[in-house]
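Please consider the structure below with attention to how its parts are arranged and how they meet.

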Amino acid sequence: MSETITAGVIGGSGFTGGELLRIIDSHPVLTLDQATSRSYTGKSIGYVHPNLRHRDDRFIDPDDLSSVDILFTATPHGVSMKHIDEYVDVADTVVDLSADFRLSTEEQYNEWYDGHSAPDRLDQAVYALPEINRENLPQADLIAAGGCNATATIIGLYPLVKSDVITGSEQIVVDVKVGSSEGGAAESQASNHAERSGIVRPYAPTGHRHEAEIEEYLGVSVSFTAHAVDMIRGASATAHIFPEQPVTNSDLWRAYRDVYEDEPFVRMASGGGGVYRYPEPKVVAGSNYAEVGFEVDPGNKRLVVFSAIDNMMKGSAGQAVHAANIALGLDETAGLESTGFHPIGAP
Ligand SMILES: NC(=O)c1ccc[n+]([C@@H]2O[C@H](COP(=O)([O-])OP(=O)(O)OC[C@H]3O[C@@H](n4cnc5c(N)ncnc54)[C@H](OP(=O)(O)O)[C@@H]3O)[C@@H](O)[C@H]2O)c1
């Protein structure tokens, strides 16, 4: 592959598509070659994403797609499984941001979604989250970026599973609060400003589809609930774990350090000083960082774990580029070095 790697984005006019375009804009190796939108064909990408007004690229129709080295697909559930043969024909590597290739089996898609139209491709797909799957990413040609709620949950709990603090038999309750950008750019009654503003709205008290993803990649069951809250970017996961054996702070620090010490995009925020003593989506907004923190209750009966990400970065586009960098043999932080802002208004 040449030093410049050409990239395409299907669904470039959407929220995560826009985030991919923003990352590619400052990526040292990836160069945007084409971005699609059926609704905005012919319009400049800055017309939809004003932060990219300096670029003169225009959206093309997905039917006019031509060869690129890497293709990111940021489309609603069901689109990429339908078009996957076309996508792999035009690109050496496909990174899908939807749920279409995250789970391993057709049976899971029958149970949690509405089935799958390309089940033969499921074996080929590699789950993107580098913190748990880095070794399988080099040379992967079909990569499935994780769901944002699942990513926040998995990042928070993975070190505890790896160190056997969580064995799978204890009760684990996870509550995720997520901002409005999670729902994408398309309008709906629930997402219009009058209905969405000011809410703390439980939207999936039980049976959230990300439960399947969490269970598959974490290897333990969790009871999962999600709330839509009044922020634009961000997912904050709070996990309550009722351990069967007493755990100490030093056990927990060891577990998290063992796994995350060398991770470029995970930071601990666990009860230190200052205002932001625990993970907070506002602090990581616009960055690819995940923050993780924990506390054990004084009676040692409950362990609380917090994790925070930007749903459009670590929870989708940032994670997708991180995995792509690894798959392509690039510096894994390329294009993702920016930190969040402080202070900042509600993201
Ligand atoms: N938003 C998040 O925080 C987040 C986090 C993790 C994962 N995801 C997943 O990422 C995917 C994209 O999410 P999003 O929030 O960016 O959605 P979005 O804002 O609604 O954008 C969807 C994009 O797909 C295009 N599109 C729709 N139907 C298409 C079709 N049949 N063929 C080609 N293009 C089509 C749309 O543009 P045109 O209609 O103009 O073509 C638009 O550009 C979803 O599967 C979502 O579940 C999102």
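The model is predicted. Its chain is divided into two parts, domain 1 covering residues 5-124 and domain 2 covering residues 148-309. Taken over C-alpha atoms, the centres of domain 1 and domain 2 are separated by 27 Å.

The boundary between the domains can be described by its contacts and by its area. In terms of contacts, 12 residues of domain 1 meet 14 residues of domain 2. The size of an interface is often given as the accessible area lost when the parts come together. By that description, domain 1 and domain 2 bury about 1,100 Å² between them, and 48% of this area lies on carbon and sulfur atoms. On the side of domain 1, the residues that lose the most area to domain 2 are F15, R102 and W112, which together account for 55% of what that side buries.

A helix pair comes next. Two packed helices are described by the angle between their axes and the distance between the axes. Helix α6 (residues 148-162) packs with helix α8 (residues 210-218) at an angle of about 30 degrees, and their axes lie 10 Å apart. Because angles under 35 degrees count as roughly parallel, α6 is roughly parallel to α8. The crossing of these two helices, α6 and α8, is right-handed.

Helix α6 contributes C148, N149, A150, T153, I154, L157, Y158 and V161 to the contact, while α8 contributes H210, E213, I214, Y217 and L218. By class, the residues of this contact between α6 and α8 comprise 9 nonpolar, 3 polar and 1 charged.

Notes:
Residues are numbered from 1 along each chain as its sequence is written. This is a predicted model: local features need pLDDT of at least 70, side-chain atom pairs count only at pLDDT 80 or more; totals for chains, interfaces and linings use all residues. Side-chain values use heavy atoms; hydrogens and water are left out. Axes are lines fitted to C-alpha atoms, for helices over the stretch in contact, and angles run from 0 to 180 degrees between N-to-C directions. Helices (H or I, at least four residues) and strands (E, at least two) are DSSP runs, numbered from the N terminus. Angles under 35 degrees count as roughly parallel, over 145 as roughly antiparallel, 65 to 115 as roughly perpendicular and the rest as oblique. A crossing is left-handed if the near helix is turned anticlockwise from the far one by less than a right angle, and right-handed if clockwise. Contact means heavy atoms within 4.5 Å. Ala, Val, Leu, Ile, Met, Phe, Trp, Tyr, Cys and Pro count as nonpolar, Asp, Glu, Lys and Arg as charged, and the others, Gly among them, as polar. Domain bounds come from an automatic or database domain assignment. Buried area is the accessible area (1.4 Å probe) that two parts lose on being put together, summed over both.
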